[in-house]
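Please open the structure in your viewer and keep the selection tool at hand.

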Amino acid sequence: MSDLPKVYSPKDVEEKWYRDWETKGAFSAKRDPHRTPYTIVIPPPNVTGILHMGHALNNTIQDILIRWKRMDGKVALWVPGTDHAGIATQNVVEKALAKEGKSRHDLGREKFIERVWKWREEYGGTIIRQLKRLGASCDWTRTRFTMDEGLSKAVQEVFIRLYEKGLIYRGHYIINWCPRCQTALSDEEAPHQDLQGHLYYIRYPMEGSKDHIVIATTRPETLLGDTAVAIGPKDDRYRKLLGKTILLPVLKRKLKVVEDEFVDPAFGTGVVKVTPAHDPNDFMMGQKHNLPSVNVMNPDGTMNEEAGPYQGLDRFECRRRILVDLEKEGLLEKTEPHAHAVGHCYRCRTIIEPRLSLQWFVKMKPLAEPAIRVVREGKVTFIPSRWSKIYLDWMENIRDWCISRQIWWGHRIPVWYCVGTDHCKIECKEPIVGRTRPEKCPHCGSKNLRQDEDVLDTWFSSWLWPFSTLGWPEEDEDLRYFYPTDTLVTAPEILFFWVARMIMAGLEFRGNIPFREVYIHGTVRVEGGKKMSKSLGNIIDPIEIIEKFGADALRFSLMVITATGSDVYLSEQKFLIGRNFANKIWNAARLILPKLEKRQPLSPHLPLDDTDRWILSRLNRTIEEVTEALSEYSFNDAGSLLYEFFWHQFCDWYLEMTKARKNEEIAPILEEVLKKSLLLLHPIMPFLTEEIWQNLSPKESIMVSEWPKPDKAYFNPEIERSLSFFMKMTTEIRNLRSQWNVPEGTNLDIEIPLTKTLPSLDEKKLYYGFEFLKKSAGISKVAFTPGKKGKPAGSATLVVSHSPVFVQLKGVINLEAEKSRILREIEERRAHWQKTMERLKDNNFVSRAPEEVVLKHRESAKLLEEGIVKLEEALAELS
């Protein structure tokens, strides 16, 4: 048994043990018919990504579960991998090309794809290396990439099966279009943000009349694509318009009037413009009333030839110009402020444009029905449970999924078209779908074929992740053994992008759920509630925290401050929790290890005193409670239980109380508590626990040691109750000594009234308690008095476990001087509180000061107020 260095050095320990684990294949999961598998698939981070605090939280939770289940005897497999992140990765490489003065079109598709693969080889492994710094115990031999050969085969197979089943189709529909990325986006990729815009009331002249109608719109630039105006069928105000012709402002296009139930009579004036090529609802009206669709924009968001005099202008510049022109012509009646939700590209945050486009779609309702059923039946459960309702609400209103993207990096759609020959027939327009490139057109025999230019949505590969990573579409042994997986750990923002689609895909292609439980953790925010963001400059870099405090400190801090499913509020200061706890464990181990030289193992025959019985009872209760907390995904409870047990109960109390005892008396208990504590701590703090474990002369790594089971023979509620009473009393007396400035070394006398709330303690326990109080709290005399006697003069009252305890201060402190001191402190605090409140009542300060400064002032006012109340209570005690 070697001595531990005086100071814990996380960097040296972490590098050493991670290298050792990897070299020995400690993370590898091999099929074993005699053991139960436990499987997690990692939410694949983007290949462009670097580790952020959201990743750190998500992957720490997964690693805790995997390490715990591995120790619990399961064949624990954590499948790692990265996502090709179509739009994001293409953007990164295009930016690199732009610095060289080139575009992807200068290279051509094939050379550009080669450039992206090269970039991926050079930079794509960054996040994997960072996950290793965090301590992630993934089976790295199974690392997958959403565009590797196996997953590409799975993607192609799924496309073809869905196409053959009639669930994939191609058509002209309104889609979300990003003018910057120049690609279609699914509804989930175009999240809405509330913006303060305007409602523009525009006069549309009536043909052959000096009259006009007024129509309100938030997007006046799209009026250039209007092909009708619409009224509600029950709106008598406008029935006279039926059969009339309306003239489009600026372009003078003739518009007919239609009736449609979609029109909301309460919006604007109750008459709406119909722009089928630029609004999803207008598109539906256009189909119903057989209206033409006029697209007035280019893919980059500039106006095209259909926009007449505005051709070539950016869409927002067009809006500005058209408003000026309308006002000149007397056609802009008024403008009102108007708050509305506007879709933004999830990648570049550009405002999306609803656009009529030819795209590929998946029919989702047939896939959603069984996925709804398995959640209703409890086959897939969400933690916290509130997410079930959110999932079901979305699934029951699901829309078809636009899966084609107008970029080059991704899985190219496995569809070919016949370019044709002179004798080419109409049938050649039908897509040719196949697993390989067809040699010729099945209709006309032409070999002149071209593949669809589009690629599939990135999520089209990700939704297959739980089974494609295990070998599907091949019927692999691993697939049969490890699928379905057990737990999915994910963030709320990809519930619809990914989680829901994986459930649908698992049921459709494997006939089984992809996972049994979905744990959805909160979002990582800075203190004050704002999301971490580069633009706000409030990022806390997990790698910097690891460098400064160590990976275990980061992991433990994240867990102990994170309530189940709640958002996480971080500051760098909070990582001191984990750093200080790691140091406490290290120092305790340094103290204990030399005492274990001549130890004997813990056995039922070993003589124990009440202190030993208490710590062994608390240890086994903690084993039971931590195991239960992990089973319920209450990671903060697990961390807090371990912190309370090891730091306070073991170090502060047991080690303190046994200082004077011989090593051979307490060595078996010290070893038992230290070993079991390290085992419980290992899933959260793997590096530190391995280093100390190896100094206990074990035969194997702690990560493959058995998870401790509670030994109920050591449960001793009576001992716990009695010692808890005297410990609380000791703490209260120590606090009182500090509060009343009792001179050090002065012994105190206490009285304990015999009341019903007093814990029932036999004579032996009382005697032990007196001795305990003498040593730990400096008590010279304990007297039990009748419950009705009342409070002795000159004493202070403590309440311990609902029982009053009177501490005699008369003759110990100068009561009058103490009263004067408290009065002065109350006045000082009150003055400080009034100044703080004046600042908080100042609207200029509250509106202009940084949010965290205002928050600090509010917290300060609260603490001052609480302090004044406590001082007033103390003054009342003395009076």
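## First stop: two hairpins

In this predicted model, begin with the hairpin of E7 and E8, where 6 residues lie between the strands and Gly208 takes a positive phi near 70 degrees. Select E8, residues 212–217, together with E7; the two strands run antiparallel and are joined by 6 bridges. To see one place where they face each other, display Tyr200, which stands opposite Thr217 in E8.

Next, select strand E5, residues 168–178. Is this strand mostly covered or mostly uncovered? Strand E5 is mostly covered, since 8 of its 11 residues are buried. Two partners of E5 deserve attention. Strand E14 (residues 353–362) is joined to E5 by 10 bridges in the antiparallel sense, and His172 can be found opposite Leu358 in E14. Strand E6 (residues 183–185) pairs with E5 over 3 bridges, again antiparallel; Asn176 has Leu185 of E6 as its bridge partner. In the hairpin of E5 and E6, 4 residues lie between the strands, and Gln182 takes a positive phi near 55 degrees.

## Second stop: the whole chain

Clear the selection and view the entire protein chain. It contains 27 helices and 29 strands, and its C-alpha atoms fill a box of roughly 110 × 65 × 55 Å along the principal axes. Of the 879 residues, 53% count as buried. Among contacts with a separation of 6 or more, 77% are between residues 24 or more positions apart.

Select helix H2 (residues 53–71) and helix H17 (residues 551–560). At what angle do their axes cross? The axes come within 10 Å and cross at roughly 90 degrees, which makes H2 roughly perpendicular to H17. On the side of H2, display Met53, Ala56, Leu57, Thr60, Ile61, Asp63, Ile64 and Arg67; on the side of H17, display Leu554, Arg555, Leu558 and Met559, for these residues make the contact. They divide into 8 nonpolar, 1 polar and 3 charged residues.

Select Ser137, in the loop between helix H6 (126–134) and strand E4 (144–145). Is Ser137 buried or exposed? Its relative accessible area is 0%, so Ser137 is buried. The side chains of Ser137 and Asp63 make a polar contact of 2.6 Å. Beyond its neighbours within four places in sequence, Ser137 is in contact with Phe27, Asp63, Ile66, Arg67, Arg70, Trp78 and Met703.

Now select His521, which is found in the loop between strand E23 (517–520) and strand E24 (524–526). His521 is likewise in a loop, and with a relative accessible area of 3% it is buried. Its side chain is joined to that of Asn58 by a polar contact of 3.1 Å. Not counting residues up to four places away in sequence, His521 touches Leu57, Asn58, Ile61, Val489, Thr490, Ala491, Pro492 and Gly565.

E15 is joined to E23 by 3 bridges, and Ile383 stands opposite Tyr519 in E23.

Finally, select the open sheet with the order E19-E18-E20, whose 3 strands show antiparallel pairing. Why is one side of strand E19 (432–433) and of strand E20 (449–451) left without a neighbour in the sheet? Both stand at the edges, each with a single partner strand, and therefore one side of each has no neighbour there. Strand E18 (residues 415–418) is joined to E20 by 3 bridges, and Tyr417 can be displayed opposite Arg450 in E20.

Terms used. Residues numbered from 1 in each chain as written. Predicted model: local features only at pLDDT ≥ 70, side-chain atom pairs only at ≥ 80, totals over all residues. Heavy atoms only, no water. Pairing = 2+ DSSP bridges. Axes fitted to C-alpha atoms, helices over the stretch in contact; angles between N-to-C directions. Parallel < 35°, antiparallel > 145°, perpendicular 65-115°, else oblique. Contact = heavy atoms within 4.5 Å. Nonpolar A, V, L, I, M, F, W, Y, C, P; charged D, E, K, R; others polar. Buried < 20%, exposed > 50% of the residue type's maximum accessible area, 1.4 Å probe, protein only. Polar contact = N/O pair within 3.5 Å; in protein donor to acceptor, adjacent residues only side chain to side chain.
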